[in-house]
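User: I've just opened this model and would like a quick tour before I dig in. Could we chat through it, starting with a single residue?

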Amino acid sequence: MMLPPSKFIKSLVSDWGFSWGGCFDNRKGEWWLFAQLIIVLAHLLPASPVIKRTGYFWEYVPTFFGTIVFFLGFILAIRAFFSLGASLSPLPEPKPGAEFIKLGSYRHCRHPLYQGLLVSSLGVTVFWGSIFHFCLFVSLGALLV
């Protein structure tokens with residue numbers, strides 16, 4: 001039997017370990033997650049300063065490579081997402097009783113989801129060629145460390 005969407009989301013969030021108390025005292029790293037979300041969503045903001053395009057081919061090379069790097073990071077993150085299976089949690093602290101994953105993308109890297117996020121962030125930075133997006137990339141890297 002399928003749960004209604006509101007109950008499904010509530011059970012998923014509680015299964016991950018979220019609690020109202022944790023939002024106030026960061027007991028399972030909720031603040032780190034919120035900071036990551038803010039930085040990742042800030043990547044949607046426009047470039048600053050805006051790059052003036054004159055129509056020369058070489059100016060579009062970073063746009064092309066930025067797009068490729070972004071999608072490479074996205075694919076890395078999706079692979080890591082599916083490799084975790086039931087152990088998936090957005091919080092920095094693992095779920096209680098979660099299995100230690102050593103297969104798939106976790107065979108090569110301890111934090112491939114973070115790796116995918118950083119590679120995608122780098123792709124956005126190269127795409128826009130923006131100092132603002134470079135600062136977001138550096139901030140995300142510092143936060144994930």
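**A chat about the model**

Analyst: Happy to! Leu 117 counts as partly exposed because its relative accessibility is 27%; here buried means under 20% relative accessible area, exposed over 50%, and partly exposed in between, with a 1.4 Å probe and protein chains only. One caution on the source: this is a predicted model, so local features need pLDDT of at least 70 and side-chain atom pairs count only at pLDDT 80 or more, while totals for chains, interfaces and linings use all residues. Residues are numbered from 1 along each chain as its sequence is written, and side-chain values use heavy atoms, with hydrogens and water left out.

User: Thanks. Which helix is Leu 117 in, and what does it touch?

Analyst: Leu 117 is in helix H5. Not counting residues up to four places away in sequence, Leu 117 touches Gln 36, Val 40 and Leu 140, where contact means heavy atoms within 4.5 Å.

User: Let's zoom out. How many helices and strands does the chain have?

Analyst: There are six helices and zero strands, and the pattern along the sequence reads α-α-α-α-α-α. These are DSSP runs numbered from the N terminus: H or I over at least four residues for helices, E over at least two for strands. The chain has 145 residues, and buried ones make up 30% of them. Of the contacts with a separation of 6 or more, 63% are between residues 24 or more positions apart.

User: Back to H5, then. How many residues does it have, and which of them are buried?

Analyst: H5 has 17 residues and reaches 24 Å from its first C-alpha to its last. Its buried residues are Pro 112, Gly 116, Val 119, Ser 120, Ser 121, Gly 123, Val 124 and Thr 125. After H5 comes Gly 129, with a positive phi near 60 degrees.

User: And H3? What covers its buried residues?

Analyst: The cover includes helix H2 (20-25), H5 and H6. The buried residues themselves are Glu 30, Leu 33, Gln 36, Ile 39 and Ala 42. H3 has 13 residues and spans 18 Å between its first and last C-alpha.

User: Which residues form the largest nonpolar core?

Analyst: Six of them: Ile 39, Ala 42, Leu 136, Leu 140, Leu 143 and Leu 144. A nonpolar core is a set of buried Ala, Val, Leu, Ile, Met, Phe, Trp, Tyr and Cys residues joined through side-chain atoms within 4.5 Å. H3 and helix H6 (131-144) are the elements giving two or more residues to this core, and H6 gives the most, with four. Beyond neighbours up to four places away in sequence, Leu 144 touches Gln 36, Tyr 114 and Leu 118. There is also a second, separate core of five residues, among them Ala 80, Leu 84, Leu 88 and Tyr 106.

User: Changing topic: what is the volume of the largest pocket?

Analyst: About 1100 Å³. A pocket is an open set of points on a 1 Å grid over the protein atoms alone, where a 1.4 Å probe fits and protein lies on both sides within 12 Å along at least five of seven lines; lining residues have an atom within 4 Å of a point.

User: Who lines the largest pocket?

Analyst: There are 39 lining residues, and Leu 88, Ser 89, Pro 90, Leu 113 and Tyr 114 lie nearest the pocket's centre. H3 (30-42), H4 (57-84) and H5 (112-128) each supply at least two lining residues, with the largest share, eight, coming from H5.

Technical notes
Points joined across faces, edges and corners; volume = space filled by probe spheres on them. Expected span 1.5 Å × (residues − 1).
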